[in-house]
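Hello,

Here is the structure I promised to pass on. Please look it over first; my notes follow below.

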Amino acid sequence: MKKLFRHLLSGLALVVPFFLTIYIAYLVFKIGDAAFGNLLRRFLPIYIPGLGFILLVIFLIIVGFLGNRIIIKALFNFIDKIFSKLPLLGMVYQTIKTTIQNILGEKKALDNPVYISLGMGKIIGFKTNEIVLNGEKLAVVYVPLSLQMAGHLVYIPLDLVHPCELPSEEVFQLILSAGISR
């Protein structure tokens, strides 16, 4: 019975990541297709699965291209100011905007992997900034939690923070997999 259970767990470990990835890709496709697909249904006599998703991708490419142009950039800055001033929603908007820019933008916040010396052990994370607090210069280090997308923000004296020689992607994968993926 123990062997059977072990084989079950082994099978789950092999199959779940694959199907979960496929399912997430399916949801992204389905939501993207629905975003423009419903609009297309008003103008086209037949429904073509996937056309809404393709149009969404084309739309995002055009917005990205135009977003770097002066007139459109001014429009986005204007909309940004309005959203930023909204009570409560402004805070949500700024958090989402900053997170997306740090992950997808040119200046990536999680490109500086470090480890923190704590006695005989080390904590691995990403140095995102430096601040001065009560006259002491501190490193701002984001320490993701294993097996989830949450984490701690830690303020650590600079002399305890050291560069990590691993690439950012490998560090993030290592942390999220609880050190198993290596």
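A cavity here is a set of points, on a 1 Å grid over the protein atoms alone, where a 1.4 Å probe fits but cannot get out. Grid points are joined across faces, edges and corners, and a volume is the space filled by probe spheres set on the points.

Two notes on the source. This is a predicted model, in which local features need pLDDT of at least 70 and side-chain atom pairs count only at pLDDT 80 or more, while totals for chains, interfaces and linings use all residues. Residues are numbered from 1 along each chain as its sequence is written, and side-chain values use heavy atoms, with hydrogens and water left out.

The cavity

The search gives 1 cavity of 30 Å³ or more. The largest cavity has a volume of about 40 Å³. Its lining (residues with an atom within 4 Å of a point) consists of Gly37, Leu40, Arg41, Leu44, Ile46, Tyr47, Ile48, Leu51 and Gly52. By type, 6 are nonpolar (Ala, Val, Leu, Ile, Met, Phe, Trp, Tyr, Cys and Pro), 2 polar (the others, Gly among them) and 1 charged (Asp, Glu, Lys and Arg). Helices α1 and α2 each supply at least two lining residues. α1 gives the most, with 3.

The fold

The protein chain has 5 helices and 5 strands. These are DSSP runs, numbered from the N terminus: helices are H or I with at least four residues, strands E with at least two. Along the sequence the pattern is α-α-α-α-β-β-β-β-β-α. Of the 182 residues, 18% count as buried (under 20% relative accessible area; exposed is over 50%, partly exposed in between; 1.4 Å probe, protein chains only).

Aromatic pairs

The whole structure holds 3 aromatic pairs. Rings of Phe, Tyr and Trp (its six-membered ring) pair if their centres lie within 6.5 Å; planes under 30 degrees apart count as stacked, over 60 as edge-to-face and the rest as tilted. Phe29 and Phe53 have ring centres 5.0 Å apart and planes at 45°, so this pair is tilted. The pair links distant parts of the chain: Phe29 sits in α1 (residues 2-43) and Phe53 in α2 (residues 51-66), 24 residues apart. Phe29 is partly exposed at 35% relative accessible area. Phe53 is partly exposed too, at 25%.

Phe36 and Phe59 form another tilted pair, 5.5 Å centre to centre with 50° between the planes. Here too α1 and α2 are linked, through Phe36 and Phe59 respectively, 23 residues apart. Phe59 is partly exposed, at 41% relative accessibility.

Best wishes

Conventions
On a 1 Å grid over the protein atoms alone, a cavity is a set of points where a 1.4 Å probe fits but cannot get out, and a pocket is an open set with protein on both sides within 12 Å along at least five of seven lines; lining residues have an atom within 4 Å of a point.
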